[in-house]
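Please look over the sequence and the structure below before reading on. The paragraphs that follow take up one topic after another.

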Amino acid sequence: MESRLRSIGETARASGLSVSALRFYDGAGVFAPAVVDPRSGYRWYADEQLPDARLLARLRRVGMPLAGITRVLTGTPAEARAELDAHVRRLEDGLSDARRELSAVRAVLDSREFPVPQTRLTVPADRLAAALDAVRFAAPSDASVPAVAGIFLDAEDGVLHLVATDRYRLAVADCPAVLDGPAVSALLPTALADAARALLADAEEAELVVDGEQFTVRAAGRALSGARVEHDFPDYRRLVRLEPTHRLTLTADQLRSMLAATEPSVVTRSQDGVDFPVAPLTATAADALPGTDPAELLVHVNRDFLLEAVGGADQLVLELTGPIAPLAIRFPAREDTFSLLMPTRR
């Protein structure tokens with residue numbers, strides 16, 4: 001039996017998608033009509049396309065990205081289920097972020113009525129030292145960028161997250177912590193973080209106290225104090241939940257050889273007039289992850305920033321998402337540490 005064609009208006013009414021949405025998804029290459037009139041450009045959809053159109057409408061209502069919708073519509077049942085699971089995780093993460101922000105708002109409102117309780121963190125000194133070392137390269141040394149001029153401490157559920165960013169790169173490291181008091185987030189000034197790092201060399205345990213606007217760090221019988229930075233730190237949690245398309249596993253020496261074999265170009269940063277060397281990184285189709293575009297991917301990055309992020313690591317994993325998406329640098333030997341590096345537009 002020959003399939004009947006429906007007009008775009010009929011398809012819109014039957015699927016729950018608007019006419020403009022159908023046009024948009026056609027233009028985006030997500031859901032094309034069965035026939036397009038070559039003279040009028042009018043779109044016609046086949047009866048058998050209606051289930052996919054209705055599925056598309058449901059996916060659209062729950063906010064699935066276009067790439068995910070395409071994989072659901074065109075992939076195997078297993079790939080479609082994997083995409084749905086990934087989107088559920090994104091939604092759950094978003095809900096957790098919203099709850100965390102609302103808790104912070106409540107804490108601010110409560111502080112206007114009641115004194116803010118003190119929070120005391122007890123951490124292994126060597127783990128704290130390693131975490132500080134892992135993120136320090138990304139922390140500005142001065143207050144030229146006030147909102148990020150320090151190392152962000154985010155304590156919850158027995159873990160202390162340390163985060164630093166200068167808006168070109170971002171580093172995250174975790175260490176275990178025993179929490180006495182409410183969960184706390186605060187920006188430790190870079191100078192105070194450096195002074196605290198010096199206290200940890202001969203210590204087994206360190207104590208960090210956040211009391212209102214004041215930080216106190218104690219280790220090996222010594223203590224230092226300072227005021228926290230009063231700025232809202234960027235929402236780093238959204239940045240770290242990347243969905244890479246390509247993954248490269250290599251040694252640090254291989255990466256250095258790769259960079260040395262390529263003549264870097266020099267780019268001048270428009271924000272501050274600083275010149276820096278840019279190196280290309282190429283991921284091949286063989287590096288593509290299952291369910292993603294297997295095409296090659298070319299990303300340009302600040303070569304010096306990349307080498308700083310690698311540091312003294314032996315093995316590393318580079319995760320690439322796109323030519324203008326952050327590059328993730330991960331370390332198999334240090335699963336609690338990773339960095340993000342913003343690419344350079346070319």
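How many bridges join strand 4 to strand 10? The two strands, residues 119-124 and residues 205-211, run antiparallel and are joined by 6 bridges. Strands here are DSSP runs of E with at least two residues, and helices are runs of H or I with at least four, numbered from the N terminus; two strands pair if DSSP finds at least two bridges between them. The model is a predicted one, in which local features need pLDDT of at least 70 and side-chain atom pairs count only at pLDDT 80 or more, while totals for chains, interfaces and linings use all residues. Residues are numbered from 1 along each chain as its sequence is written, and side-chain values use heavy atoms, with hydrogens and water left out.

The hairpin of strand 10 and strand 11 has 2 residues between the strands, and Gly 212 takes a positive phi near 65 degrees.

A separate region involves helix 1 (residues 8-15), where Ser 15 is placed. Ser 15 counts as buried because its relative accessibility is 7%, buried meaning under 20% relative accessible area with a 1.4 Å probe and protein chains only. Beyond its neighbours within four places in sequence, Ser 15 is in contact with Leu 50, Ala 53, Arg 54 and Ala 57, contact meaning heavy atoms within 4.5 Å.

Definitions and conventions
Buried < 20%, exposed > 50% of the residue type's maximum accessible area, 1.4 Å probe, protein only.
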